[in-house]
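These are my notebook entries on a single structure. I set down what I looked up, entry by entry.

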Amino acid sequence: MAEAGKTTQQFRAEVRKVLHILTNSLYTNREIFLRELISNASDALDKLRFRINRGENPREADLPLEIRISIDKEAKILTIADTGLGMNASELADNLGTIAKSGSEEFLAGLAAADEEGTRPDAANIIGRFGVGFYSVFMVAKEVEVISRPAFDEDATAHVWTSDGLGSFSVEAALENAPARGTVIRAHIKDDAEEFLEKFRLESTIRKHSAFVPFPIYVEGERANTQPALWREPKTSVSKEQYAAFYKALTYDHKDPLDVQHISVDAPVQFNALLYIPDSAQDFFGADRDFWGLDLYARRVLIQHRNKELIPEYLAFLRGVVDSEDLPLNISRETLQENVLLRKINQVIVKQSLGHLEKMAKNDAEKYVAFWKLHGKIFKLGYHDFPNRERISALLRFNTSALPEADSLASLDEYMERAPEGQKTFWYVAAPNREAARLSPHMERFRQKGIEVLYLFEPVDEFVMEGLGKYKDWEFKAVENAADDALDAFADKEGEKDTVQPLSAEDNTSFDDLLAHMKSILGDRVKEVRVSHRLADSPAVLVSPDGSMTSSMEKLMRVMQKDDSLPVKTLEVNRDHPLLRNMLRMFKADRNDKALSDMTQSLFDASLLLDGYLKDPQALAARVNNLLTESAAWYAEVRKI
Ligand code: ADP
Ligand code: MG
């Protein structure tokens, strides 16, 4: 290349292809060209700073490290100037005339994929992903001049690179508009992109995409990025207020965060992170299903909003920023490496976050309870994380039968401490609320023995129990699946059981006949009618065949399969209950008594209701009314009123 003369070169074929696409088919999100130019300027300033830090002396050493953007509305020129490293003539030609081959190929492949899916290519994604940043300026400019003066070259001549983004570019010595050091980009804005000659439009784009660039950015002389990259500051120098302000800017939440974690790690991968626990719940299972992830920065330049590789789903309540020095700015050029790095970061975040929550649970129980109530629903999904199962289990909280209020919570470790000698099972009952849990007939034996039961109020809870399987060698089991003799080893609690006269041998036989009779009355609606060993106060209960799923699980499955038939279960009756004792008397006197049949039906209806099924409310109400009418008549008769 002749020193003073002008040289013109054709773009290589792949550059032409990329340029053609950028200028002709990407219309969404064109504003990101500014992010790309600013990120290049920021890179150039970073490189300069690095060399200064190593003791080198740049040209114009007193120039501040900054980015200045100015607008010439009349000439329709947008100028972006930095005082960074700059480029000499051959660097201009090399850096802006070619694309790393892999980058352009991936870019084109990415576009082809988007085409196949029928989705309109989104500039922000594709350009960000494939590192063809500089060329994105041709989305908004019909001609571009890049005028640059290198910071460290002996020969300080400024050169200008010029192109219309079509077939060729030229490089020559710059006669005007040359910076004292660094690079000036003059974009001649297209007619349909004049919005980018508006100061507020540029400022809002900068706030959105480049807010944390670590060098001052001025638009028409006014500072446009005010927030420093807080996560890179030493922890001791950041105030609570600064953490909160950054959180609010990041999330648009009006409340302060519940908690913040500031992480700086050097190995096995370098990154800084600010992770917040919001003080409000997230509709993770509804409208906000995809609205999670952390903002990923590479060297202070935003790579992706809500990146979902950085945290597992069960930490989806976390909001914040991860910034790594180890990530190349164009991370997708090294897709494989990118995955490995992100996975490593993910693992570190999981470890640190679990540790953080453990500490909170130990040192600030109140805050931990607040966390649990807001985000426990999401965090529970951690039962999937097999290697961390034990730690996650220890962080779970439950309301239980031993706690005084619906609001109180206990951990599995607390449950274990309270359990009597010999217990090796976490017993649980699934119910819509505390009242329903307490009223479950399956609970009676447990109450009698004083054995604590975990209350599961959410449908996912039973999946969690099943997924966890065990904690510290104790297994999880539903009270309704407790074997007849499961609690035999434990003594009754004082005064909990009234002693009832056992039936005579003869009555025992009659009772068996009564059971057979009840079965014939109920027919196919029950599998069997038998004596229960699990009931203390209730007259009857429906139980599933041994080893099958719990009734709440079964209900869930039925809903999913749109099956509204009634499950056929076994009806267990309480032989010591006054109702059954009187039914036995009626049965012995007249086995075909109509009232006996009505009572059997009603007993079944009530059990079905307790099990959560109400199929035929009219018939149920009619039977109850019949029984009430009869018992009112008997009552009046007996009392002679
Ligand atoms: P990338 O930033 O991913 O390398 P770009 O297309 O954005 O790809 O930029 C290509 C190259 O041009 C950069 O790597 C850099 O060497 C050079 N470059 C672009 N803008 C500037 C600038 N303002 N100052 C110095 N060099 C720059
Ligand atoms: Mg770039």
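In which strand does lysine 477 lie? I find lysine 477 in strand E19; strands (E, at least two residues) and helices (H or I, at least four) are DSSP runs, numbered from the N terminus.

**Basis of the entries.** I work from a predicted model, in which local features need pLDDT of at least 70, side-chain atom pairs count only at pLDDT 80 or more, and totals for chains, interfaces and linings use all residues. Residues are numbered from 1 along each chain as its sequence is written, chains are lettered from A and ligands numbered from 1 in the order in which they are written, and side-chain values use heavy atoms, with hydrogens and water left out.

**Lysine 477, continued.** I looked up the accessibility of lysine 477 and noted a relative accessible area of 30%, which is partly exposed. The cut-offs are under 20% for buried, over 50% for exposed and partly exposed in between, with a 1.4 Å probe and protein chains only. Leaving aside neighbours within four places in sequence, I list Thr425, Phe426, Trp427 and Tyr428 as contacts of lysine 477, where contact means heavy atoms within 4.5 Å. From lysine 477 to valine 429, 48 residues away along the chain, the C-alpha atoms are separated by 8.6 Å.

**Aspartate 473.** I then checked the loop between strand E18 (470-471) and strand E19 (474-478), where aspartate 473 lies. Aspartate 473 is not a glycine, yet I record a positive phi of about 75 degrees for it.

Most residues other than glycine have a negative phi, and most peptide bonds are trans. Asparagine 177, which is not a glycine, has a positive phi of about 60 degrees. I place asparagine 177 in the loop between strand E6 (168-173) and strand E7 (182-189), and with a relative accessible area of 38% it is partly exposed. For the peptide bond from alanine 267 to proline 268, I noted a cis form with omega near 5 degrees. Proline 268 belongs to the loop between strand E10 (259-265) and strand E11 (271-277).

**Aromatic rings.** How many aromatic pairs does the structure hold? I record 22 aromatic pairs; rings of Phe, Tyr and Trp (its six-membered ring) pair if their centres lie within 6.5 Å, and planes under 30 degrees apart count as stacked, over 60 as edge-to-face and the rest as tilted. One of these pairs is tryptophan 231 with tyrosine 297, tilted, at 5.0 Å centre to centre and 45 degrees between the planes. Tryptophan 231 is in the loop between strand E9 (222-223) and helix H7 (240-251), and tyrosine 297 is in strand E12 (residues 294-298), so the pair ties together parts that are 66 residues apart in sequence. I find both tryptophan 231 and tyrosine 297 buried.

I also noted a cluster in which ring pairs link Tyr314, Phe317, Tyr368, Phe371, Trp372 and Phe379. Glycine 376 lies in helix H9 (residues 365-379) and counts as buried at 1% relative accessibility. Between glycine 376 and phenylalanine 317, 59 residues apart in sequence, the C-alpha to C-alpha distance is 9.3 Å.

**Charges over rings.** I applied this criterion: NZ of Lys or CZ of Arg within 6 Å of the ring centre and within 35 degrees of the ring normal. The charged end of arginine 68 sits over the ring of tyrosine 218, 4.1 Å from its centre. Lysine 308 lies over the face of tryptophan 292, with 5.6 Å to the ring centre.

**Valine 543.** My last entry concerns strand E21 (residues 540-543), which holds valine 543. Valine 543 counts as buried at 2% relative accessibility. I noted that valine 543 and threonine 570 are 27 residues apart in sequence and 5.3 Å apart in space, C-alpha to C-alpha. Beyond four places in sequence, the residues that valine 543 touches include His442, Arg530 and Arg534.
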